Amino acid sequence: MVAIPGPSIVPDRVLAAMHQPMSDIYAGPVADLSWQLVDELSLLARTSGHAYIVMGNGHAAWQMAICNTMSRGDRVLVLESGVFAGIWGEMAKTSGVDVEVVRSPDGHPFDPDELEMLLRADRDRAIKAVLTVHTDTASSVRNDIEALRRAIDDAGHPALFMVDCIASLGCERFEMDEWGVDVTVAASQKGLMMPPGLSFCWANARALAAVEHADLTTGYFDWPARTDPEAVYMLFHGTPPIPHLYGLRAALDMIAEEGLDNVWHRHEVLADAVRAAVEAWSTRDGIGFHIADERARSHSVTTITTGRIDANELRRVCEEQAGLTLGLGVGGDHARRFRIGHMGHLNPPMILGTIATVEAALVSMRASLGSSGAAAAAASIARALAD
Ligand SMILES: *Cc1c(COP(=O)(O)O)cnc(C)c1O
C-alpha cells in the first residue's frame, strides 16, 4: 500500500471508469463530458472563475499560471515554507520572470505580517504576483491563505495572488473566491484520487485580465485559445485525454456523493489519528513533528522527524518486509525524517493499518518510543466515531 503524499491510492471505481474505448472527440459523450467537467471543477475550487484542464502533471499547471499572467522581467514574490513554492519560482525564473524567494523559518508557515511588510516596502508596485502553496508536501506545513490575502489587501498592493493547492484540493477547506485567490493550481494524483497526468488551473477575472499584458505566451498553454465556446478540441489544445476524463468523472462523483464537507472532515479525522500516533511515539531524541504549531499541520500529509532513528531504514523495513511505502523525507536530511501521506481515498482501517505497521517496524528496529501510537490513533478515531 502507498502511504506517500502522491500519487495516492486510486479507487477501483476510478480505475474501472478509465477503461474506455476511444471515440469521437468533436461531438458526443466525450465532448459533453469535457464541458461538464470544466463546470464542475469550478465548484471544487469554490470559484465562479474559469477552470482549465491541463494534460500534464502539476508542473504543467504551474507553467500555465505563469505564462498567462506574467511578462519577461516582471517581479514575483515567492513565499517558501518547504520546497514546492521555490520549485514553482524556479520555473517562473526559467521563463524569464524576476523571482524573489522569501522563506519562513524551517517548520513554520509563512508569516502574513512579513508579507504585508514586504509589500508595503514595494512602493513602486513592481511585484506583479505573490506565489505560494497551501499545503507544502515536503514540510507538511499548511499556510493560512486567507490571512496571506488579508496581508496583501492591508498593504493595498495590487499583486496577483497565486496558490498551489496540489496537495490540499479535495483534502481540506479551500475557498478560492472567499479567500481572494486569483489563480489556483492543482493536479489529479493527490486528493483527487486519480493517476498522475492531469492538472488544473483556475483563474478569476483579475487573472484573466492580466492575460492582455502578459508576454510569456506559449501557444500551447494560453488561456484565450482554450476558451472557444464552440470547440471542445481547444479545451485541451488538441486531443482530449479520454481515459483521464472518465476517471475524473468518477472521482468527482465520489466526492459529490460523500459531500465535499464530509471529505474534508474525513481527512481531518484521519490526520488527527496520525498526529495522535506521532504524539504518542515521540521522545526527546526520537520521533517528533517537523511542524511545531499544531494549527499549521496539514490534513493531507505529516512530516515526522526521527532523531536518532534511521528514517531510511524504517522506510526500507516497511516497504520490503511489510508492503507499506512511506514518503521519503525531502527538504532536509532524509535519514532523519519521513512522511506519511493521508490524502484521497482513505478510511480508518487503511490509516490504522499504516500506523500500526510503522509502529511494528519501529519496534522491530528497537526504537525507543514514548507509548503506543497505534493505541493513540485508535482512541482518536474512537472519539470521532462517537461524535
Ligand atoms: C506534488 C506536488 C507538486 C508537483 O506536482 P507534479 O504533478 O509532480 O508536477 C507541486 N506542488 C505541491 C504542493 C505538490 O504536493
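Visitor: Which polar side-chain atom lies 2.7 Å from a nitrogen atom of the ligand?

Guide: A polar contact is a pair of N or O atoms within 3.5 Å; within protein, one must be able to donate a hydrogen and the other to accept it, and residues adjacent in sequence count only if both atoms are side-chain atoms. Here the atom belongs to Asp164, while a polar side-chain atom of Gln189 lies 2.7 Å from an oxygen atom of the ligand, and an N or O atom in the side chain of Asn57 is 3.5 Å from a ligand oxygen. The protein buries 90% of the 380 Å² that the ligand exposes when taken alone, with accessible areas from the Shrake-Rupley method and a 1.4 Å probe.

Guide: This is a predicted model, in which local features need pLDDT of at least 70 and side-chain atom pairs count only at pLDDT 80 or more, whereas totals for chains, interfaces and linings use all residues. Residues are numbered from 1 along each chain as its sequence is written, and side-chain values use heavy atoms, leaving out hydrogens and water.

Visitor: Which residues are around the ligand?

Guide: A residue is near a molecule if one of its heavy atoms lies within 4 Å of it. Among the residues around the ligand are Trp62, Phe84, Thr135, Ile166 and Lys190. Helix 3 (residues 58-69) gives the most to this shell, with three residues; helices are DSSP runs of H or I with at least four residues, numbered from the N terminus.

Methods. Helix = DSSP H or I, 4+ residues; strand = E, 2+ residues; numbered from the N terminus.
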